[in-house]
Amino acid sequence: MARPSIMDAAPPIIGKAQFAYDWLKTRINDGTFGPGFRLVLDQIARETSMSPVPVREAIRKLEAEGLVTFARNVGAQVAMLDPTEYQHTMQTLGLVEGAATALSAPTLSPAAIARARQINAKMRDTLRHFDPTSFTTLNRDFHSELYSTCPNPHILDLVHRGWNRLSVLRESTFGFVPGRAAESVAEHDHILDLIEQHASAAEIEHAARDHRLATLNAFLSTRAPVSTSKEGIS
């Protein structure tokens, strides 16, 4: 009779780590664990009824995504908003999301474009009784439609990483600069018009990138002056 292998006897760490990751990320995204919240390994393990090993793996994955940081004498904690990090993330997301949108444009179905217009219409409706959190959720849904058929998985991975980093804010950027929301909706219409008119990839990419950078610039205008020149990132 064959002896059981180590793999046969090992607990399903990968499955447990994914559960711990989903459990933690949900609480980070909904604000239960806000910026600076300490992630105590043993406490989380008790709350999720598992050993610290998969919890540690989950925290490492969240750290790689920028949602968790490690501070000396503190340990793991939910990442705080760093304006410089936010600027770098938005600049990078502008580049990769612009590219993903341009690559997707030729293969977007009329149904996908219609869904994007419906989402943008909902965003316009929210402007009357503005809710930054709802607006931001719809905003992500809108852009997800536009890059949904991007054929380059590496670019898509970078886009998703950028959005995940932005989620550490917990509060919408539009809450800081609510006037930006109406401009954003109008720019969405422009990007959709370009896609429907079969504009060049370069024109669509620049429109999507400039749209992202406009939100960044609006946010930074409320903070200490930081160079936001597009030179060097175009």
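H198 counts as exposed, at 72% relative accessibility. In this predicted model, H198 is found in the loop between α10 (179–196) and α11. The phi of H198 is near 55 degrees, a positive value in a residue other than glycine. S49 also has a positive phi, of about 55 degrees, although S49 is not a glycine. The place of S49 is the loop between α3 (41–47) and α4 (52–64). With a relative accessible area of 68%, S49 is exposed, because the cut-off for that class is over 50%.

**Overall make-up**

The protein has 11 helices and two strands. Along the sequence, these elements follow the pattern α-α-α-α-β-β-α-α-α-α-α-α-α. Of the 234 residues of the protein, 41% count as buried.

**The two strands**

Strand β1 covers residues 68–71 and strand β2 covers residues 75–78. The two strands run antiparallel, and four bridges join them. T69 has Q77 in β2 as its bridge partner, and F70 is bridged to A76, also in β2. Three residues lie between the strands of this hairpin. In the hairpin, N73 takes a positive phi near 65 degrees.

**Helices α5 and α11**

Two packed helices are described by the angle between their axes and the distance between the axes. Helix α5 comprises residues 83–104 and helix α11 residues 201–220. The axes of α5 and α11 are 7 Å apart, and the helices pack at an angle of about 160 degrees. That angle makes α5 roughly antiparallel to α11, because angles over 145 degrees fall in this class. The crossing of the two helices, α5 and α11, is right-handed.

Two residues of α5 can be looked at one by one. Q87 lies in helix α5 and is buried, with a relative accessible area of 6%. The C-alpha atom of Q87 is separated by 8.1 Å from that of L220, and Q87 and L220 are 133 residues apart along the chain. L95 also has its place in helix α5. At 30% relative accessibility, L95 counts as partly exposed, because that value lies between the limit of 20% for buried and the limit of 50% for exposed.

S167 is placed in the loop between α8 (153–166) and α9 (173–176). At 18% relative accessibility, S167 counts as buried, because the cut-off for buried is under 20%. S167 and I28 are 139 residues apart along the chain, with their C-alpha atoms separated by 8.4 Å.

The pairs described here are listed together below.

| Residue pair | Separation along the chain | C-alpha separation |
|---|---|---|
| Q87 and L220 | 133 residues | 8.1 Å |
| S167 and I28 | 139 residues | 8.4 Å |

**Aromatic rings**

Pairs of aromatic rings count when their centres lie within 6.5 Å. By this rule the count comes to three aromatic pairs. One of them is formed by F33 and F37, with 4.3 Å from centre to centre and 5 degrees between the planes. This pair of F33 and F37 is stacked, because planes under 30 degrees apart are put in that class. F33 is buried, with a relative accessible area of 8%, whereas F37 is partly exposed, with a relative accessible area of 33%.

Another ring, that of Y21, has a charge over it. The charged end of K61 sits over the ring of Y21, 4.2 Å from the centre of the ring.

Key. Residues numbered from 1 in each chain as written. Predicted model: local features only at pLDDT ≥ 70, side-chain atom pairs only at ≥ 80, totals over all residues. Heavy atoms only, no water. Phe/Tyr/Trp six-rings, centres within 6.5 Å; stacked < 30°, edge-to-face > 60°. Buried < 20%, exposed > 50% of the residue type's maximum accessible area, 1.4 Å probe, protein only. Lys NZ or Arg CZ within 6 Å of the ring centre and 35° of its normal. Pairing = 2+ DSSP bridges. Axes fitted to C-alpha atoms, helices over the stretch in contact; angles between N-to-C directions. Parallel < 35°, antiparallel > 145°, perpendicular 65-115°, else oblique. Left-handed = near helix turned anticlockwise from the far one by under 90°.
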